[in-house]
Amino acid sequence: MELFGLYNYWAFAVVLMTGFYAVITKGNLIKKLIGLSIFQSAVFLLYITMDKVDGGTAPIVQKGVTDQVFSNPLPQVLILTAIVVGISTTALGLAIVVRIKESYGTIEEHEIQNLDHYS
Amino acid sequence: MVILFAVFLLTLLVLTAVAIVRTENLFVAVMLTGIFSLLMAANFFVLDAADVALTEAAIGAGITTVLFLGALALTAEHEKSVSAGRWLSMGVVVVTTLILVYATFDKPRLGDPEAPVHLHVAPWYLEETPELIGIPNVVTAILGSFRGYDTLGELFVIFTACIGVLFLLSGPRGQHLPPDDMALSSTAHGLRHHLIPKVVGRLLIPFIVLFGFYVQFHGEYGPGGGFQAGAIVAAGIILYALLEGEAQALKAVPRSVLMGMVIGGAMLYGAVGIAGIALGGNFLDYSVLADNPVKGQQFGILVIELGVGITVCGALLSIFHAFAAREPV
Amino acid sequence: MDSAIDVLSWILLTLGGAFVFVGGLGALRLPNFYTRMHAASLTDSMASILILLGIMLQAGWSLAAIKLLAILAFLLLTGPTASYALANSALLSGLKPGNSPADSTEN
Amino acid sequence: MYYLVSIAILVTMALALARAVLGPSVYDRVLAVNMFGTKTTLLLSVIAFLYGRPDFLDLALTYALINFIGVLAVLEFFQSRSTRRANDRVDGA
């Protein structure tokens, strides 16, 4: 068990950097947005990893049960709202991409830059 | 033992993330994003975050896929591969990953009760919630009352994002005028000709909306609340739009009603705060709303959760309609 | 009496686990799309029934049992419908059911 | 015995993920996503009992209700794509 005590953080690091790789190397704007949402999910994972307490349970008090250990509710509140905010901001990004497609006819970054350059 | 499940799920998560980035077909990437979201929800649940898992389930299972597919229909399905600078960025990413992994050796291990994060305000919240607020779900108590300012801010971010999407997508198109015959529009038909999905879907819609209301009003006693409920109800109405066509769904819930929901929910939240001031308390201080401070807190949380639910539902539906109504170039 | 229920639910859960695994194996190993769908959708329904019934026996008469019943009902409604919708859309798009092992139609 | 079922479900999730990554056709991937959704519903139900908190079945119920929407959205996407292509062909002729 001790061996896996940090596994969550390692998974966080790899997922975070996978999303980051998509954001910096992919030319396609939708792929960049998908990479950004992966990056975002990795941050969610980091926060939720920190809320876990050994032998704990979700912070909802059960009637008639005493001596319960609860996980930390604060990161849960932050991430709960962040998930819904995340989908709205992703939608805003997608809307911008749709408008770019309509005025440039492409969503590839280098083609857009070429068009900007020669016009 | 459950920790081993978490390790397995996290490994699958990492593999899925890598597969999403590797594929060049954007449709496949969106499908894999669906799997990624399911894995995230399972992970959250294993890590004792039931409310967060419910939010991820409500958002990730339907709405994310629908929005991305809507955007793909308006743009392109394949990406063109660019190889310039790939090795350089791969190097940067690998080095950063190694640094991050090295940094984790200073972190407390998973579930350590002595970790700094558990020693600051969290014990106070857990101890005081039953006395000050008197509801079983501590997450809802913090969301609604202790950190009500945060939630108000988040709500206005959603509001602003919704306004932004509407500004971008409901204006006139750059090059062409929209075609006159809307009958040609593919999204106008929906899946009306598929009998079996239509019958089953129609049967499900009332249950989805009912379950949304259950999540909304049961949020103080179990996992749930306004954010989840708004997303679930929006998913139910999006299902109706998929089955009957987008125009039909707009007839059932017109745009003006959606805008009213987006604005009204946020106003309701703000009004509760103002009412607190009017009755002699601070902004968003619910204790003064009733004779008994605990009753006042419960009433305040109930109303602001309702405001959150209404705004989230209206915003997600407005965003969906903005994408669905746009004609592809 | 209690032990009889325990044994029964144990049998149901084990059978359900076996069905889940067989379905997964079929979805991975069978040669073309329609056979894979056959494996996945049939075992999905059967495994859901067995596993959820097994848990229901453990839950006894409570709110949890009713929720499990609701989950089972919704899974049994949506699962086959989704399979139908998917097969229909695959057939209409021209993916023919045949026994050619290499239908690599990437569209 | 909950452990046994959970392990079977987890292994199947891995198999479904492999199918989703391998393809080959897009329909295989949609099938895998749908399968993955059902497996997640079952896993969440089993883990709710494993943790002894059956009030968390709400989560599994959410997936049982909402997972269907994704598949229908894909179906609608394919349908509108084929009509779009047909329109393009008429325009081009």
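Keep in mind that the model is predicted.

Let us begin with chain B on its own. Written as a pattern along the sequence, chain B reads α-α-α-α-α-α-α-α-α-α-α-α. Its C-alpha trace spans about 60 × 50 × 40 Å along the principal axes. Chain B has 329 residues, and 52% of them count as buried. Here a residue is called buried if 20 or more other C-beta atoms lie within 10 Å of its own. How do the contacts inside chain B relate to the sequence? Among contacts with a separation of 6 or more, 71% are between residues 24 or more positions apart.

Chain B can also be divided into two parts: domain 1 covers residues 1-78, while domain 2 is made of 120-171 + 188-329. The centres of these two domains of chain B, taken over C-alpha atoms, are 23 Å apart. Where the domains touch, domain 1 of chain B supplies 14 residues and domain 2 of chain B supplies 17 residues. On the domain 1 side of chain B, the touching residues are ten nonpolar, three polar and one charged.

Which chains share the most contacts? Of the five pairs of chains in contact, the answer is chains A and B. This contact involves 85 residues from chain B and 73 residues from chain A. On the chain B side, helix α3 (residues 50-74) gives the largest share, eleven residues. Sorted by class, the side of chain B that touches chain A has 56 nonpolar, 17 polar and twelve charged residues.

Chain B also meets chain C, with six residues of chain B in contact with six residues of chain C. The chain B side of this contact has five nonpolar residues, one polar residue and no charged ones. What about chain A and chain C? No contact joins them, and their closest C-alpha atoms lie 15 Å apart.

Finally, follow one helix in chain C. Helix α2 of chain C (residues 33-59) has 27 residues. From its first C-alpha to its last, helix α2 of chain C reaches 38 Å, close to the 39 Å expected at 1.5 Å a residue. Just after α2(C) comes G60(C), which takes a positive phi of about 70°.

Definitions and conventions: Residues numbered from 1 in each chain as written. Chains lettered and ligands numbered in written order. Predicted model: local features only at pLDDT ≥ 70, side-chain atom pairs only at ≥ 80, totals over all residues. Contact = placed C-beta atoms within 7 Å. Nonpolar A, V, L, I, M, F, W, Y, C, P; charged D, E, K, R; others polar. Domains from an automatic or database assignment. Helix = DSSP H or I, 4+ residues; strand = E, 2+ residues; numbered from the N terminus. Expected span 1.5 Å × (residues − 1). Buried ≥ 20, exposed ≤ 12 C-beta atoms within 10 Å, placed from the backbone.
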